[in-house]
Amino acid sequence: MKIVEYRINGSDGLYDFNTIQSIVKTHRSKLKRDIKRVSNNDYIIYKNQHLYKKEILFQLMEETLIERLDKI
């Protein structure tokens, strides 16, 4: 698993879509819907990639964990 973290102008940490997908391990379409719902279009475009804040990644990880625990 390859994790890429971007730091632009002293930002806290930004992650691209592929990194988030490899961490959360969900389908691409579901992840796009969840990111759109959680982020409210709060992203940065850098070198033709959408970068999302660390808080968004943690929110998605928390939601995914709760969904998977409910299935048990």
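Me: Which residues are linked in a network of salt bridges?

Reply: Side chains of opposite charge can pair when their charged atoms come close. A salt bridge here is a side-chain nitrogen of Lys or Arg within 4 Å of a carboxyl oxygen of Asp or Glu. In this structure, the network joins Lys-30, Asp-34, Arg-37, Glu-63 and Glu-67.

Me: What kind of model is this, and how are residues numbered?

Reply: It is a predicted model: local features need pLDDT of at least 70, side-chain atom pairs count only at pLDDT 80 or more, and totals for chains, interfaces and linings use all residues. Numbering runs from 1 along each chain as its sequence is written, and side-chain values use heavy atoms, leaving out hydrogens and water.

Me: Where do Lys-30 and Glu-67 lie?

Reply: Helices are DSSP runs (H or I, at least four residues), as are strands (E, at least two), numbered from the N terminus. Lys-30 and Glu-67 form a salt bridge, with the closest N and O atoms 3.4 Å apart. Lys-30 lies in helix α2 (residues 28-39) and Glu-67 in helix α3, so the pair ties together parts 37 residues apart in sequence.

Me: How many aromatic pairs does a search of the whole structure find?

Reply: Rings of Phe, Tyr and Trp (its six-membered ring) pair if their centres lie within 6.5 Å; planes under 30 degrees apart are stacked, over 60 edge-to-face, the rest tilted. The search finds two. One of them, Tyr-6 with Tyr-46, is edge-to-face: 6.1 Å centre to centre, 70 degrees between the planes. Tyr-6 is in strand β1 (residues 5-6) and Tyr-46 in strand β3 (residues 44-46), 40 residues apart.
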